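Open the model in your viewer and keep the selection tool ready. The stops below run from one chain to the other.

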Amino acid sequence: MKDGDNDTQGMGYLDTLTRRSITLYLPLAIFVFVLLFPFYWMTITAFKPDAELLSREGNPFWVVAPTLAHFKKLLFQTSYPEWLWNTVFVSVIATFASIVASVLAAYAIERLRFSGARQVGLSIFLAYLVPPSILFIPLAAIVFQLGLFDTRWALILTYPTFLIPFSTWLLMGYFRTIPYELEECALIDGATRWQILRKIVLPLAVPGLISAGIFAFTLSWNEFIYALTFVSSSEVKTVPVGVVTELVEGDVYHWGALMAGALFGSLPVAVIYSFFVEYYVSGLTGAVKE
Amino acid sequence: MRPGSAPTATLTPTLSQGEREEYRHMLLQRLQNSRNALGLLFMLPAGVLLLLFLTYPLGLGTWLGFTDTKIGRGGQWIGLENYAFLWNDSVTRLSLFNTLFYTAVASVIKFALGLWLAVLLNARIPFKTFFRTVILLPYIVPTALSAIAFWWIYDSQFSIISWVLMRLGFIDKYIDFLGDPWNARFSTIAANVWRGVPFVAITLLAGLQTISPSLYEAAAIDGASGWQRFRHITLPLLTPIIAVVMTFSVLFTFTDFQLIYVLTRGGPLNATHLMATLSFQRAIGGGALGEGAAIAIAMVPFLLAAILFSYFGLQRRAWQQGGSDA
């Protein structure tokens, strides 16, 4: 810990390499190993033939005869492709709708400053703190009453409850950084608020939109408790719920197929994330830093 | 004259076509520039969705907690009966203990490891961006899916941890990670920490990067040791962000559901049942919506306490550091 501090002030050269190795590189290596090991284990298991999986001989960290059998089973003998499609469908629509609603709300709160905007902004932040696990029971009752139970719309309509507060809060922060003078000039030139939002604010807030979009997409992709509660037929399930509820059959666990399913369901978010790391991190930290 | 619907109605008959157009245009323009009308319009989509699917369910949940509603049958108001029953229910009490234990232990470990990792990442190291990218991976993949990987890692017969420990000669039989109450508690906590550390580390790293290096230089010139610099510069300046990050962390650990649902479903002997998983089991599994809602609502005071604690802690800090009232 101490040496980490040393380095921030640019005096790292005073440390010897050995000291740095022990206090910096070794702990870092352990962290990275532990944080990444489950992914490695997931991957290696997904490619192992059953015989290797269930044998205690040999080196379990490597696969001798890799096979695609588990992926084949997953894609052709289960509803996995449907779950994947459902997850994409629900996540894309919920994200898009939430971002549109959030842009309007954030602009209204931050720039129109209607009376009560402060209070509305605060309640948006409080809404962000309401966890899904205290909402799912009454929401299930509402979803049922609206006749949406067991449909994708149940998820598309409920996901915004955690997406909108987050995205609005994040976008409010972005809008705040746009100089007010730009808007004033446009107002004097006779632009309407709608034109200002579309032609001045939005183009300048593109990084914020990407952050909010990426974040909202991963949140909806990863959502579990609503999807578990509001949907019961296999053909409307999302990947996380489908893998957990349908790939586990009886007492015999098909570890290979389970891991293949987990890997396949994690890859899309991991890939999108790796393309937009900076946006994702700024979304994550921006929401916390306020 | 004020623009409104009433004058329009009375005036329209006397106006010519062109005047009417002009009047409508003026009204539209007034509307477009009136902050309140436009604000309301802009707030509408978000407001309707949040009121219908967040505020209303919150109220409905509170109400359900006072009724004996079952799935498929409307309930009667029974006052505090659900809460009285739950208070004497040993499983609920155990789940409350589990939730507090899970939250306390996991949060403390997440904070310590997260801060350590943040400090490590803040150092001058090669491939910094790469490290930051891979470290967040546990946080961004679906928890339900990474929990399945942990389930396999914790398997009683094929656990890789047991295999390694056995080879190294530390144990002579495989560890039953999820079959023994205390093992299961610590195994689920470990999985939760694994998932939560990246979030704490990356957000604290963002906080660390805002601390000016000149402060450290000044302290170093004054002869402060590494620990003193950490204790008297890093920690105080980081406190506000620590408070926010840990509030989020505590909130989401306290209401955790997926990890337990996938790994143990609350077992063995309800040893890992959290309030969220118990409310799911009672409400959706057992059909007792009222009772499940009561358990869920019982979490609210704890969450409020955590939020208020951090909010007031934060304000005091800001004031001490000469900030205006936050």
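Domain bounds, as used here, come from an automatic or database domain assignment. This is a predicted model. It scores ipTM 0.88 and pTM 0.87.

**Stop 1: the domains of chain A.** Select residues 2-68 of chain A for domain 1, then 73-289 for domain 2. The C-alpha centres of domain 1 of chain A and domain 2 of chain A lie 32 Å apart. Now look at where they meet. Seven residues of domain 1 of chain A are in contact with six residues of domain 2 of chain A. On the domain 1 side, α2 and α3 (50-53) of chain A each supply at least two residues. α2(A) gives the most, with four residues. By type, that side of domain 1 of chain A splits into three nonpolar, two polar and two charged residues.

**Stop 2: the chain interface.** Show both chains. Here 84 residues of chain A are in contact with 84 residues of chain B. Colour helix α2 (residues 17-46) of chain A: with twelve residues, this helix gives the most to the side of chain A that touches chain B. That side of chain A has 56 nonpolar, 21 polar and seven charged residues.

**Stop 3: the core.** Which residues touch the most other members of the largest nonpolar core? Select Tyr107(A), Met259(A), Ile148(B), Ala201(B) and Leu204(B); the core holds 169 residues. Then centre on Tyr107(A). Leaving out residues up to four places away in sequence, Tyr107(A) touches Leu112(A), Phe175(A), Leu197(A), Val201(A) and, from chain B, Phe42(B).

**Stop 4: Ala97(A).** Find Ala97(A) in helix α5 (residues 80-112) of chain A. Is Ala97(A) buried or partly exposed? Ala97(A) counts as partly exposed, because it has 19 C-beta neighbours inside 10 Å, and being buried takes 20 or more. Draw a C-alpha to C-alpha distance from Ala97(A) to Leu204(A): they are 20 Å apart in space and 107 residues apart in sequence.

**Stop 5: chain B.** Select 5-64 for domain 1 of chain B and 81-320 for domain 2. Their C-alpha centres lie 45 Å apart.

Next, colour chain B by pLDDT. The mean is 86, and 89% of the residues of chain B reach 70 or more. Confidence in chain B is highest in helix α5 (residues 90-122) of chain B, at a mean of 95, and lowest in helix α1 (residues 5-11) of chain B, at 45.

Finish with two stretches of chain B. Over residues 1-12, pLDDT stays under 50, and the model has four contacts beyond four places in sequence. Over residues 322-326, pLDDT also stays under 50, with five such contacts.

How values were computed: Residues are numbered from 1 along each chain as its sequence is written. Chains are lettered from A and ligands numbered from 1 in the order in which they are written. This is a predicted model: local features need pLDDT of at least 70, side-chain atom pairs count only at pLDDT 80 or more; totals for chains, interfaces and linings use all residues. Ala, Val, Leu, Ile, Met, Phe, Trp, Tyr, Cys and Pro count as nonpolar, Asp, Glu, Lys and Arg as charged, and the others, Gly among them, as polar. pLDDT is the predictor's confidence in each residue, from 0 to 100. A nonpolar core is a set of buried Ala, Val, Leu, Ile, Met, Phe, Trp, Tyr and Cys residues joined through C-beta atoms within 7 Å. A residue is buried if 20 or more other C-beta atoms lie within 10 Å of its own, exposed if 12 or fewer, and partly exposed in between; C-beta atoms are placed from the backbone.
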